Amino acid sequence: MSTLTTETPDTPALSPAQLRERKDRRRALGLLTPGLVWMALFMVLPMAMVIYVSFWTQTTFSVNSTLTTASWERFLSSATYLGAIWTTLRIWAIVLVATIVVGYPVALFIGLFVRNKTLQTALLVACVIPFWTSFLIRVIAWRPMLGTEGAINMILMKLGIIHEPLTFLLFSEFSVLVGMTQIYCVFMVGPITFMLGRIDVSVIEAARDLGASFGTIFRRIILPLSLPGVMVGSIFVSVMVLGEFATAASLSGRKTNLLGNIIVSQVGSLKWAFAAVAGVVLTIIITAVIALALRLVDLRKEM
Amino acid sequence: MESRILRPTLALYTVAFLLFLYGPMIVLAILSFQSIDGGPQFPIRDWSIYWYQHLLGMAETSRVSQLPVGDSLIRSIILAFMTTVVSTVLGVMSAEAFRTKFKGSGPAFYLIILGMMVPGVLVGLGMALLSNTLGIARAWWGTSFVLHVVYTYPFAFLVMLAIFNRFDRTVEEASLSLGVSPAQTFRRVTFPIIFPGVLSAMLFSFTLSYDEFARTLFTAGRDLTLPLAIYGTFSVEIYPNIFAFGVLTTLFSFTLLVIYGLLMKRFTAKAARFTGQEDA
């Protein structure tokens, strides 16, 4: 490779290295194009359509493309719809905290306290196995568990702790929260375990030799090093919980209406413009949450 | 040392956590053996396999209508298969592209990853609106299929990216500079190295698509896929036949997992044999 050509890039003759680089880049773009076109056509375009249709005119049975903000005004002045936004945010926050609180000690045990690789893998696999059952089946499995004649009430009555079956367990917000926490917890345990597993044990041993208590070690070493895992897990859980509707539809007895449920019911009654408005609101919420999370963690670096 | 208390406490907690994860499925499995006159709750009147027979259409006429699993199962498997092929091919191509540095790789990366982030109910709604406007009929093999790929392709891409990151490029270059054709190099050198990744990407794509429901709900048109058939039972009273179905579909998933494990094992054994030959 002559240094002469590389130092004068404006000359038309390119060095072999540059030619190769250019060829490589063209090849990369060629390989990438089908995927990007697919995403543009079948993801970006539909999302743009949702925004566009949210400004269409809704008549009783159909929509037409006359632009109006009527659907938005109706949505933002309706207590039901605003309530759905509030419910969505509340459930999201509770489930997010619950998955961290429930999942973190498990991740701590698997990632840090189990140093036997085989046992570690076995425990992680045990956490992932329920994921292999259909999502809807896992949701519905909570019904015989929490119902008034369900397993939990039966056990509690047999033990004599209660005499009347607890009715708040099923078809309430409680059952939705329990169901979502169980289903999405794994997505929190995984990333945290991964980060904890990468901690060099000698660092912890050094801290212990220098007289640090476990509390100090946890606060100063373990927690900061595991935070990227918590963030990645939070992104997973947030995205899934915010877009949820099936768990609420199955376990709340129609008492809990998330934005997702609003979309489904509006589409069911052919109110496309209202569904689109709810869709845009949901998109805004999710974008805000992801943007916030991505400011705190670089996803590409962690993968 | 505090870990003497902490370790057993955490171990016990992990056991409780696993019970929390498995509890509902265990209860569901037990109740699937409910007798004909029993409901979807305790107590078990009598142990029987009636609801399995009912599910498979082998029971006599009954008050409970049969789950429409036959046709929808076949549709779901075909759909998952189509999705697997396309998203794995796209995933391998894109990950291969990301091995060279190019301008705009950051936005391209996030555009692909967005596919697994966007809620299914949103893209589903968008696709339904789009097909309404363009006058395209919605069908599971069309509008649903493209959305399934939007969802599974990022997973396949990430798996392949992880494989390519650990891939030593000089091996390929050695093969090429020894005069082996690019096609032969791909077949004899590149493919064997990336094969475990391809298999994982396929497994991911298949199971995600097979179970995908939110993206299918608005876009499947008249013919139902399996998750839609299950969702249809949500609004009505449930019977133990859906529990029996849950048990069977879980067994099906495990069969897939075992096949994957066997393929993987066979492949690594073969790879080990090749290294053995080199040593000899």
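**Exercise 1.** Find how far apart the end C-alpha atoms of residues 121-141 of chain A lie, and how much of the span is helix.

*Solution.* Start with the ends: their C-alpha atoms are 26 Å apart. Next, the make-up: 67% of the span is helix and 0% is strand. Helices (H or I, at least four residues) and strands (E, at least two) are DSSP runs, numbered from the N terminus. This is a predicted model, in which local features need pLDDT of at least 70, side-chain atom pairs count only at pLDDT 80 or more, and totals for chains, interfaces and linings use all residues. Residues are numbered from 1 along each chain as its sequence is written, while chains are lettered from A and ligands numbered from 1 in the order in which they are written.

**Exercise 2.** Now work out the helix content of residues 217-242 of chain A.

*Solution.* This span is 100% helix and 0% strand. Its end C-alpha atoms lie 35 Å apart.

**Exercise 3.** Describe the side of chain B that touches chain A.

*Solution.* First, count: chain B gives 69 residues and chain A gives 69 residues (in contact means C-beta atoms, placed from the backbone, within 7 Å). Second, find the main contributor: helix 1 of chain B brings the largest share of its side, 18 residues. Third, sort the residues on that side of chain B: 52 are nonpolar (Ala, Val, Leu, Ile, Met, Phe, Trp, Tyr, Cys and Pro), 4 charged (Asp, Glu, Lys and Arg) and 13 polar (the others, Gly among them).

**Exercise 4.** Check the confidence of chain A.

Terms used
Two residues are in contact if their C-beta atoms, placed from the backbone, lie within 7 Å. pLDDT is the predictor's confidence in each residue, from 0 to 100.
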